[in-house]
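Subject: Structure handover

Hello,

Here is the structure I said I would pass on. Please open it alongside this message, and my notes follow below.

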Amino acid sequence: MILIFMVGGIQKIFSPSYDVVSFLVFSAFVVNLSDLVRIEKIRDVGLKKAIYTIFLICSFYFIKSNYIFAFFALLGLPMLYRPVIDKVRKLSSLGKTFLSMLIIGIISVAYLFLNKKMSIFTIIKKFIENYMNVELMGNNAKQLWQVVPTTLPIFVNILFILILFIVMMGELKATWATGTVIIFSLTYLVNWFGIFAGFFIDSASLASTNLQGRYLSPFLFFFVPFVQNLGKKFNFTMSEKSVRRLSVWTIIIISVLYLVVTFYRSYVLKITPTWTNNA
């Protein structure tokens with residue numbers, strides 16, 4: 001879990017800003033979600049846990065606006081979706097048909113309402129076009145999946161992400177509900193598309209160039225259920241000692257590399273050592 005927690009820190013903690021506070025609040029929210037997932041019924045949520053959850057939700061007002069997309073993951077709590085599924089299963093065929101028509105009607109009305117304010121089809125089309133053709137994104141395409149500092153070579157980022165998922169898979173033997181896995185994983189896509197849509201509405205020409213990895217990397221938390229289910233299915237195990245060593249040494253090596261590269265770029269090459277210089 002050390003490695004997972006440092007995903008955002010590696011990128012931003014070396015340059016202290018409100019992003020660090022944002023990531024801490026976001027991390028607390030996701031860890032709290034992992035506790036809530038284990039509670040079967042709403043009435044079993046204690047008063048302290050309820051107050052703490054409300055406090056974290058309110059805290060999102062003070063952090064990065066795109067983090068509100070993490071609220072979508074709340075739908076992945078079994079205590080919320082299982083009662084709904086159970087009631088739907090008990091409906092008669094006529095009831096299910098009526099419910100389906102009602103849902104389609106609500107979605108259609110919502111689509112028509114939103115489409116008057118922004119062209120949803122156009123946004124979806126541009127979203128696909130941008131990420132199928134990275135040339136449209138220019139230099140920002142190099143940063144989109146960047147988790148480690150952008151001053152480091154791309155292969156370091158690739159290695160980090162591989163190690164990250166190995167740690168997720170081997171750190172804990174856990175089985176997550178299918179609904180939780182699907183909703184949590186979709187939260188990453190909801191955030192990604194939501195940020196793009198926000199930038200697109202503000203400036204269509206700059207939508208792809210504004211979306212950087214720092215907006216996406218914290219949401220890697222939401223792949224933990226999916227990856228841990230894979231680890232359980234394929235019986236992938238690692239000792240606690242191995243996980244700890246792999247995590248700590250990965251962070252140390254990347255941190256040292258970052259300091260060396262930054263020093264070399266700044267004092268030897270005499271160029272801007274931060275992410276603002278990506279040429």
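Is Trp249 buried or exposed? Trp249 has a relative accessible area of 52%, so this residue counts as exposed. Before going further, please keep in mind that this is a predicted model.

Trp249 sits in helix α12, which covers residues 240–268. Trp249 also belongs to a nonpolar patch on the surface, together with Val248, Ile252, Ile253, Val256, Leu257 and Val260. The accessible area of the patch comes to about 610 Å² in total. As a general background point, nonpolar side chains in soluble globular proteins tend to be buried together.

Overall layout

The protein has 12 helices and zero strands. Of its 279 residues, 38% are buried. Taking contacts between residues at least 6 apart in sequence, 78% join residues at least 24 apart.

The nonpolar core

The largest nonpolar core holds 54 residues. Within this core, the residues that touch the most other members are Phe26, Leu33, Phe60, Phe160, Leu211 and Phe222. Several helices supply at least two residues each, among them α2 (18–36), α6 (120–132), α7 and α12. The helix that gives the most to this core is α8, with nine residues.

Helix α11 and what follows

Helix α11 spans residues 224–233, and its buried residues are Val224, Pro225, Val227, Gln228 and Gly231. These residues cover an arc of only 165° around the axis, so they lie on the same side of α11. After α11 comes Asn235, which has a positive phi, near 55°.

A buried asparagine

Asn157 is in helix α7, residues 154–171. With a relative accessible area of 5%, Asn157 is buried. Setting aside neighbours within four places in sequence, the residues in contact with Asn157 are Trp145, Gln146, Val147 and Val148.

Salt bridges

How many salt bridges are there? The count comes to three.

One joins Asp35 to Lys49, with the closest N and O atoms 3.4 Å apart. This pair links distant parts of the chain, since Asp35 is in helix α2 and Lys49 is in helix α3 (residues 47–59), 14 residues apart. Both ends are partly exposed: Asp35 has a relative accessible area of 39%, and Lys49 has one of 22%.

Another joins Glu40 and Arg82, at 2.8 Å from N to O. Here too the pair links distant parts of the chain, with Glu40 in the loop between α2 and α3 and Arg82 in helix α4 (residues 78–90), 42 residues apart. Glu40 is partly exposed at 46% relative accessibility, and Arg82 is partly exposed at 31%.

The remaining one is between Arg244 and Glu240, at 3.9 Å from N to O. Because Arg244 and Glu240 are four residues apart in helix α12, about one helical turn separates them. Arg244 counts as partly exposed at 42% relative accessibility, whereas Glu240 counts as exposed at 64%.

Regards

Note on methods. Residues numbered from 1 in each chain as written. Predicted model: local features only at pLDDT ≥ 70, side-chain atom pairs only at ≥ 80, totals over all residues. Heavy atoms only, no water. Buried < 20%, exposed > 50% of the residue type's maximum accessible area, 1.4 Å probe, protein only. Contact = heavy atoms within 4.5 Å. Patch = residues over 30% accessible without salt bridge, like charges linked within 9 Å, V, L, I, M, F, W, Y side chains within 5 Å. Areas by Shrake-Rupley, 256 points an atom, 1.4 Å probe, with all protein chains shown as cover. Salt bridge = Lys/Arg side-chain N within 4 Å of Asp/Glu carboxyl O. Arc of directions from axis to C-beta. Core = buried A, V, L, I, M, F, W, Y, C linked by side-chain atoms within 4.5 Å.
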